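Me: I am new to this structure. Please walk me through it in short questions and answers.

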Amino acid sequence: MATVLVLSDAQDDALPALDLLGHRVRTMAAQASSLVHAPDCDVVFVDARTGLAHARSLCALAHETLGAAVVAVMAESGLAALNEGWGIDDFVLTHIAPAELEARIRLGASHAEPEASETEIRAGGIVIDESTYMAAIRGRMLNLTYKEFELLKHLALHPGQVFTREQLLQDVWGYDYFGGTRTVDVHIRRLRAKLGSDHESLIGTVRNVGYRLVAHAPGAESQSP
């Protein structure tokens, strides 16, 4: 059984055959904001039967931010618009037969999360591009200062690894920095604020030790520096 996300604003059913299969299905609005709250899933179907330009942008964004196969649901009249710029793994027509749809889902779900480019770092839903100094969480761009970016990048490069404040101060600020470890706490607090309440727990506190980047909410760990 796969977990399937359908992004559609239409009143009708974009994929009627999906109702006949036994997969876990979640439907959300076909908007970029939906990607921020998108659940973990194996396959994402984007309703591209109308509004091709919008659907193309949404497919490309889903491809960049979600670790799932992206499939465009097309009308035959829109097939001529498909090209590599869509960033999709596959496409289906809206009235696809259940057996074929099942095979497409099975193949899509078997795909591993795409490897990041040489300048990209991915961890816990965070995407960091070293070449442009840009970072995003679930498709939402983060407005980070240089040190906030470097701190987040350092944590994302070593997901799960716990760093003391002293280690972070040396690794991010450098050996010639004369400030105290409180600087680390301040920057961690700012990073959490910019990640937002839905994602602040990605930066976990290990009591009396330091900080780490985690893929999921760390449960009993404290979130205050």
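Me: Which residues does Ser34 touch, not counting residues up to four places away in sequence?

Reply: This is a predicted model, where local features need pLDDT of at least 70, side-chain atom pairs count only at pLDDT 80 or more, and totals for chains, interfaces and linings use all residues. Residues are numbered from 1 along each chain as its sequence is written, and side-chain values use heavy atoms, with hydrogens and water left out. Contact means heavy atoms within 4.5 Å. On that basis, Ser34 touches Leu7, Met28 and Ala29.

Me: Is Ser34 buried or exposed?

Reply: Ser34 sits in helix α1 (residues 32-36); helices (H or I, at least four residues) and strands (E, at least two) are DSSP runs, numbered from the N terminus. Buried means under 20% relative accessible area, exposed over 50%, and partly exposed in between (1.4 Å probe, protein chains only). The relative accessible area of Ser34 is 7%, so Ser34 is buried.

Me: Why is the pair of Tyr133 and Phe149 called tilted?

Reply: The structure holds 2 aromatic pairs. Rings of Phe, Tyr and Trp (its six-membered ring) pair if their centres lie within 6.5 Å; planes under 30 degrees apart count as stacked, over 60 as edge-to-face and the rest as tilted. The ring centres of Tyr133 and Phe149 are 4.7 Å apart, and because their planes stand at 40°, the pair is tilted.

Me: Where does each partner lie, Tyr133 and Phe149?

Reply: The pair links distant parts of the chain, 16 residues apart. Tyr133 is partly exposed at 44% relative accessible area, whereas Phe149 is buried at 3%. Tyr133 lies in the loop between β7 (126-129) and β8 (134-137), and Phe149 in helix α4 (residues 146-157).
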